[in-house]
Amino acid sequence: DPMDAVRPADHVQSVIDGGLVPYVLGFEGANEWNLKEREAWVQELLRHQSGRYRAVKGDPTTRHSAVIGPALGMVKDYDLWGFRAELMTCGNTHIYSGGNTPELKSEKSVMGPRLNCGELPVIVTETGWHTASKWTGSHHPTPASVARVYAPRTYAEYLRLGVPRLAFYQLADAGLNDSDREDNFGILDYTLRPKDHFAAIANFNKIIATAGSGTGSVTSLARRVTGPE
């Protein structure tokens, strides 16, 4: 929260004091602050991100860590936030296709942050689908059997767009209510049992990890399709 009394420098220092620096992938900017409907959100976010960058790069323990730009919500307002490449080492985006294919908004989700970070890499710190089949609001659910197909396609699509790192939101479901989307974004269910797309992600990672190792083989897959012309 950019308005929190705890400063970005305090957050960074707590990571250092806790001995967590070797395990940190990066220090991320504020989360979707543009959606708070605050008149001065740009100035607040600028102050917060500036403080974070100075804190990370100003300490010898963290100076080589990544400083990730703030993700803006709803794939909008990049132009209002402006060019801030001096305050980050990579751009950032959150993207949810809301039951649609992962390719639907992929290019837009990467090109938007480039208004903020220029030629720096853009990473995806949130993407995915919820499986709340009884949810009736916006952001439609995605059946687990469909998410299983979308997951490796998501990896491939963002690799195509030059994204070096991607994170699915989230690890495990937050609850058991099949009518609440916020309970059902996990790649594991509430009991920590893998959903279908967890297995697809694991399989995709295993295939990529063995690429070039000389193991495994590729064979033809015979298909015959019949139906109306």
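Q: Does α5 pass α6 in a left-handed or a right-handed crossing?
A: First, some ground rules: this is a predicted model, where local features need pLDDT of at least 70, side-chain atom pairs count only at pLDDT 80 or more, and totals for chains, interfaces and linings use all residues. Residues are numbered from 1 along each chain as its sequence is written, and side-chain values use heavy atoms, with hydrogens and water left out. Helices (H or I, at least four residues) and strands (E, at least two) are DSSP runs numbered from the N terminus, and a crossing is left-handed if the near helix is turned anticlockwise from the far one by less than a right angle, right-handed if clockwise. On that basis, the way α5 passes α6 is right-handed.

Q: How are α5 and α6 oriented to each other?
A: Two packed helices are described by the angle between their axes and the distance between the axes. Axes are lines fitted to C-alpha atoms, for helices over the stretch in contact, with angles running from 0 to 180 degrees between N-to-C directions; here they come within 7 Å and cross at roughly 30°. Angles under 35 degrees count as roughly parallel, over 145 as roughly antiparallel, 65 to 115 as roughly perpendicular and the rest as oblique. So α5 and α6 are roughly parallel.

Q: How are α4 and α5 oriented to each other?
A: The axes of these two helices come within 10 Å and cross at roughly 45°. The angle therefore makes α4 and α5 oblique.

Q: How many charged residues sit in the contact of α4 with α5?
A: This crossing is right-handed. From α4 come Ser-106, Glu-107, Ser-109 and Val-110, and from α5 come Glu-157, Tyr-158 and Arg-160. Two of the contact residues are nonpolar and two polar, while the charged ones number three.

Q: Which residues of α2 make the contact with α1?
A: Helix α1 (residues 8-17) packs on α2 at an angle of about 35°, with the axes 8 Å apart. The crossing is right-handed. From α1 the contact takes Pro-8, Ala-9, His-11 and Val-12, and from α2 it takes His-48, Gly-51, Arg-52, Ala-55 and Val-56.

Q: Which residues does Trp-81 touch?
A: Trp-81 is one of the members of the largest nonpolar core that touch the most others. Leaving out residues up to four places away in sequence, its contacts are Trp-41, Val-42, Leu-45, Leu-46, Gln-49, Pro-70, Leu-72, Met-88 and Asn-116.

Q: Is Glu-37 buried or exposed?
A: Glu-37 sits in the loop between β1 (27-28) and α2, and has a positive phi of about 60° without being a glycine. Buried means under 20% relative accessible area, exposed over 50%, and partly exposed in between (1.4 Å probe, protein chains only). At a relative accessible area of 76%, Glu-37 is exposed.

Q: Is Val-75 buried or exposed?
A: Val-75 also has a positive phi, near 50°, in a residue other than glycine. You'll find it in the loop between β2 (67-68) and α3. With a relative accessible area of 12%, Val-75 is buried.

Q: Which peptide bond is cis?
A: Look in the loop between β5 and α6, where Gln-170 lies. Omega is near 0° for the bond from Tyr-169 to Gln-170.

Definitions and conventions
A nonpolar core is a set of buried Ala, Val, Leu, Ile, Met, Phe, Trp, Tyr and Cys residues joined through side-chain atoms within 4.5 Å. Contact means heavy atoms within 4.5 Å. Ala, Val, Leu, Ile, Met, Phe, Trp, Tyr, Cys and Pro count as nonpolar, Asp, Glu, Lys and Arg as charged, and the others, Gly among them, as polar.
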